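The sequence and the structure come before the discussion.

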Amino acid sequence: MTQFDDERLVDLAARLERDDPRFARALGSGRPARPREYRRTGAWWGLAGGGAALALGVFLPHGLLIAAGLVVMGIAVQLLDPDRARRRSGSSR
């Protein structure tokens, strides 16, 4: 390999380590983990928590709890969007 190729590989490894250290460590150990873009556990917890708050707000006629549940569910659904990273990178339609 040329020196230019080596520099590019070192730069790529440094960016990967900076962007997603957990993935880089797992890749280095030979047991790759899912990249950050595909980890959505927090979004599912948010969706469940928002749904619980919404149901509790409907059950206990409490408008603020209903609104909070809807907002949390909206945020969680936005986090579940599979094309979120592609849209954030600047490609507009």
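Is Asp 11 buried, partly exposed or exposed? Asp 11 is partly exposed, because its relative accessible area is 40%, where buried means under 20% relative accessible area, exposed over 50% and partly exposed in between, with a 1.4 Å probe and protein chains only.

## Basis of the model

This is a predicted model, in which local features need pLDDT of at least 70 and side-chain atom pairs count only at pLDDT 80 or more, while totals for chains, interfaces and linings use all residues. Residues are numbered from 1 along each chain as its sequence is written, and side-chain values use heavy atoms, with hydrogens and water left out.

## Overall architecture

The secondary structure consists of five helices and zero strands, and along the sequence the chain reads α-α-α-α-α; helices (H or I, at least four residues) and strands (E, at least two) are DSSP runs, numbered from the N terminus. Of the 93 residues in the chain, 16% are buried. The chain exposes about 7,300 Å², of which carbon and sulfur atoms supply 64%, with accessible areas taken from the Shrake-Rupley method with a 1.4 Å probe and, for residues, with only the protein chains shown counting as cover.

Among the contacts with a separation of 6 or more, 30% are between residues 24 or more positions apart, a contact being heavy atoms within 4.5 Å. Arg 39 lies in the loop between α2 and α3 (41–59) and is partly exposed, with a relative accessible area of 24%.

## Salt bridges

The count comes to two salt bridges, each defined as a side-chain nitrogen of Lys or Arg within 4 Å of a carboxyl oxygen of Asp or Glu. One of them joins the side chains of Arg 15 and Asp 11 at 3.4 Å, N to O. Both residues lie in helix α1 (residues 3–19), four residues apart, about one turn of the helix. Like Asp 11, Arg 15 is partly exposed, at a relative accessible area of 37%.

The side chains of Arg 18 and Asp 19 also meet in a salt bridge, at 4.0 Å from N to O. Here Arg 18 is exposed, with a relative accessible area of 58%, whereas Asp 19 counts as partly exposed at 44%.

## Packing of α1 and α2

Two packed helices are described by the angle between their axes and the distance between the axes. The axes of α1 and helix α2 (residues 21–29) come within 5 Å and cross at roughly 125°; axes are lines fitted to C-alpha atoms, for helices over the stretch in contact, and angles run from 0 to 180 degrees between N-to-C directions. That angle makes α1 oblique to α2, since angles under 35 degrees count as roughly parallel, over 145 as roughly antiparallel, 65 to 115 as roughly perpendicular and the rest as oblique.

In this contact, Leu 16, Glu 17, Arg 18 and Asp 19 of α1 meet Pro 21, Phe 23, Ala 24 and Leu 27 of α2. These residues divide into five nonpolar, no polar and three charged, where Ala, Val, Leu, Ile, Met, Phe, Trp, Tyr, Cys and Pro count as nonpolar, Asp, Glu, Lys and Arg as charged, and the others, Gly among them, as polar. Leu 16, partly exposed at 30% relative accessibility, touches Pro 21, Phe 23, Ala 24 and Leu 27, not counting residues up to four places away in sequence.
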